[in-house]
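Please read them with the sequence and the structure side by side.

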Amino acid sequence: MSNPLEERVVDLEIQLAHQTKTVEDLSDMVSRQWDMIDRLTRKMKFLQEAVVELEDNVGPPANQKPPHY
């Protein structure tokens, strides 16, 4: 029969290995999400600038009466 203390140490080592793998997986996931956030932030900034430029270049609607009518 094996030593109970040895069994507990083995169980703890197994749990530690699983937790280490989980932490590494989560770290990879966070890194990928951060990269995606950076890309989306750059796209959002580009689109905001494009909308502002379009708004600046567009005149009043053609079917709108001037304010003095």
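1. Why does asparagine 57 count as exposed? In this predicted model, asparagine 57 has a relative accessibility of 60%, and because exposed means over 50%, the residue falls into that class. Its place is in helix α1, and its C-alpha atom is separated by 20 Å from that of methionine 44, which lies 13 residues away along the chain.

2. As for secondary structure, the protein chain contains one helix and zero strands. Helix α1 takes in residues 4-57, 54 residues in total, and from its first C-alpha to its last it reaches 79 Å, close to the 80 Å that would be expected at 1.5 Å a residue. At the start of α1, the backbone nitrogen of leucine 5 has a side-chain oxygen of asparagine 3 within 3.1 Å.

3. On overall dimensions, the radius of gyration of the protein chain is 30 Å, whereas a compact globule of 69 residues would have one near 11 Å. Along the principal axes, the C-alpha atoms fill a box of roughly 100 × 20 × 10 Å.

Conventions. Residues are numbered from 1 along each chain as its sequence is written. This is a predicted model: local features need pLDDT of at least 70, side-chain atom pairs count only at pLDDT 80 or more; totals for chains, interfaces and linings use all residues. Side-chain values use heavy atoms; hydrogens and water are left out. Helices (H or I, at least four residues) and strands (E, at least two) are DSSP runs, numbered from the N terminus. The radius of gyration is taken over C-alpha atoms; the globule rule is 2.2 Å times the number of residues to the power 0.38. The expected span of a helix is 1.5 Å times one less than its number of residues. A polar contact is a pair of N or O atoms within 3.5 Å; within protein, one must be able to donate a hydrogen and the other to accept it, and residues adjacent in sequence count only if both atoms are side-chain atoms. Buried means under 20% relative accessible area, exposed over 50%, partly exposed in between (1.4 Å probe, protein chains only).
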